[in-house]
Amino acid sequence: MKTSEEIFGLIINNIHQIIPFTDTNSIYRSSKLSPLGLDSIGRAELIEMILEDLGINLPRHEFHAANNLGELADCFAAKLVALGK
């Protein structure tokens with residue numbers, strides 16, 4: 001089972017894949033997506049990539065309440081616990 005910190009690492013890696021020249025050293029749990037250059041399409045792409053990385057299939061709208069990257073990682077971690085993964 002992946003921890004929130006491990007999932008946060010996946011988030012950073014996937015942001016780098018979506019926006020290759022992003023300085024990943026300046027991405028924190030408190031970071032928001034729009035200042036990083038990710039719009040709603042980028043957010044959807046990021047969520048899809050994390051779902052694939054984790055090998056789970058859940059409705060994407062369940063992750064839209066997250067206000068920053070740390071909350072997004074926590075949300076994914078909570079879903080994994082609920083699924084027993």
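Hold on to that. The model on the screen is predicted.

Take the pair α1 and α4. Helix α1 covers residues 4–18. Helix α4 covers residues 69–83. Their axes come within 8 Å of each other and cross at roughly 125°. That is why we call α1 and α4 oblique to each other. The handedness of this crossing is right-handed.

Who meets whom? On the α1 side, the residues are S4, I7, F8, I11 and I15. On the α4 side, they are L69, G70, L72, A73, D74, F76, A77 and L80. Sorted by class, that contact has 10 nonpolar residues, two polar ones and one charged one.

Stay with α4 for a moment. Which of its residues are buried? In α4 they are L69, G70, L72, A73, C75, F76, A77 and L80. Their cover includes α1, α2 and α3. Now the length check. Helix α4 has 15 residues, so at 1.5 Å a residue it should span 21 Å. Its end C-alpha atoms are 21 Å apart, and the two values agree.

Next, α3, residues 40–54. Run the length check again. With 15 residues at 1.5 Å each, α3 should span 21 Å, and its end C-alpha atoms do lie 21 Å apart. The buried residues here are G42, R43, L46, I47, M49, I50, L51 and L54. Note that R43 is on that list. Among the elements covering the buried residues of α3 are α1, α2 and α4. Helix α2, for reference, is residues 33–36.

Buried or exposed? N14 counts as buried, because its relative accessibility is 4% and the cut-off for buried is under 20%. What does N14 touch, once neighbours within four places in sequence are set aside? Its contacts are L46, M49, I50 and D53. Of these, L46, M49 and I50 are among the buried residues of α3. Back along the chain, S4 is 10 residues from N14, and their C-alpha atoms are separated by 15 Å. Recall that S4 is one of the α1 residues that meet α4.

That's the tour.

How values were computed. Residues are numbered from 1 along each chain as its sequence is written. This is a predicted model: local features need pLDDT of at least 70, side-chain atom pairs count only at pLDDT 80 or more; totals for chains, interfaces and linings use all residues. Side-chain values use heavy atoms; hydrogens and water are left out. Helices (H or I, at least four residues) and strands (E, at least two) are DSSP runs, numbered from the N terminus. Buried means under 20% relative accessible area, exposed over 50%, partly exposed in between (1.4 Å probe, protein chains only). Contact means heavy atoms within 4.5 Å. Axes are lines fitted to C-alpha atoms, for helices over the stretch in contact, and angles run from 0 to 180 degrees between N-to-C directions. Angles under 35 degrees count as roughly parallel, over 145 as roughly antiparallel, 65 to 115 as roughly perpendicular and the rest as oblique. A crossing is left-handed if the near helix is turned anticlockwise from the far one by less than a right angle, and right-handed if clockwise. Ala, Val, Leu, Ile, Met, Phe, Trp, Tyr, Cys and Pro count as nonpolar, Asp, Glu, Lys and Arg as charged, and the others, Gly among them, as polar. The expected span of a helix is 1.5 Å times one less than its number of residues.
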